[in-house]
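Have the model open in your viewer and keep the selection tool handy. We will go stop by stop, with something to pick at each one.

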Amino acid sequence: MSLMTIEQVDKFYPQKVGSPVQILHSVSFTINEGEVLGVVGESGSGKSTLGKLLTKIESYQHGSIHFKGQPIDTLSKKELKNFRRQVQMIFQDPDSSLNPRMKVHDIILEGVRGFGIQVGDEDAFVQERLNEVGLSSQFKDRYPSELSGGQKQRVGIARALAVEPEFLVADEPISALDVSVQAQVLNLIRKLQREKALTYLFIGHDLNVVRYISDRIIVMYNGSILEIAESEELFSNPKHPYTKRLMDSSPVQHPKDRRVNEVSVDRPDYGAVKSYQQISDSHLVAVH
Ligand code: ADP
Ligand code: MG
């Protein structure tokens, strides 16, 4: 069953001078309940903007986004509160997403308190949330500055999960971390998805990472979707020339040699998408 439906969404950002610039071009796809939908594309292709629209951090100008059958731009106050609880974000930079003046205990309870969720014994609840993300309960009295990058990201994940969301947008959740802990945090994110049957939009720049975690993958270029397919299908049978180039620039690597640089592809301009060709049930390719 589909959890989210995105139909022909356009997003414009105002400019300091001149007319607004279009960032997303007629973006359409669905997110199925319980799936991990990956998003790849080079820097500036609109991945983060897309994540911000789905979490209602940013608004869009044309088209529609439905969550559980309801348009997200006309929610009542109560529905909006519910939406904000059910849809959570794991941020790229755990430094700027954790309040430096709050102890881990209070950070984890931030959302729970904000939404007025009853958790019973707060200490026991925090302990459970910490253990779930692989941290011992002694972390509860620490401030973010006393944590490593990986530990901060684990706290960020614990905070997001504390309100029992159904859908999470993870925007490059491991790319700010030390290479040595990237795999651990990625495995944690995947394990929690399976255990809790969560739905993810997983934005990444490392194709191997996105392939590892995703059921399906969206390939973005310049604010348009060029190709959507099941992960293995996309890798074994990429249809769009851009996807092929992305893959050529990102050979399968041993995790310990993995590049942390953003994928950058030397490519021709593919221009606007005219239509889409349906290759199979789950494989869609842009036609220019
Ligand atoms: P990605 O995450 O794929 O790197 P982004 O969604 O961050 O791409 O950015 C897509 C484009 O939108 C970029 O050209 C970026 O400069 C522009 N952009 C992002 N945020 C804003 C903003 N708040 N105001 C104006 N332009 C923005
Ligand atoms: Mg981004």
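## A walk through the sheet, cores and helices

Start by selecting Glu 227, which stands opposite Val 285 in strand 12. Strands here are DSSP E runs of at least two residues, and helices are H or I runs of at least four, both numbered from the N terminus. Before going on, note that this is a predicted model in which local features need pLDDT of at least 70 and side-chain atom pairs count only at pLDDT 80 or more, while totals for chains, interfaces and linings use all residues. Residues are numbered from 1 along each chain as its sequence is written, chains are lettered from A and ligands numbered from 1 in the order written, and side-chain values use heavy atoms, with hydrogens and water left out.

Now show strand 10 (residues 224-230) with strand 12 (residues 283-287): they pair in the antiparallel sense over two bridges. Pairing requires at least two DSSP bridges between two strands.

Contact means heavy atoms within 4.5 Å.

Which residues have the most contacts inside the largest nonpolar core? Select Ile 108, Val 155, Ile 157 and Phe 202, in a core of 53 residues. A nonpolar core joins buried (under 20% relative accessible area, 1.4 Å probe, protein chains only) Ala, Val, Leu, Ile, Met, Phe, Trp, Tyr and Cys residues through side-chain atoms within 4.5 Å. Helix 6 (residues 149-162) gives the largest share, six residues.

Among the residues meeting here are Ile 157 in helix 6 and Leu 188 in helix 7.

Finally, bring in helix 4 (residues 104-114), packed against helix 6 at about 30° with the axes 7 Å apart. Val 104 and Ile 108 of helix 4 are among the contact residues, as are Val 155 and Ala 158 of helix 6.

Notes: Buried < 20%, exposed > 50% of the residue type's maximum accessible area, 1.4 Å probe, protein only. Axes fitted to C-alpha atoms, helices over the stretch in contact; angles between N-to-C directions.
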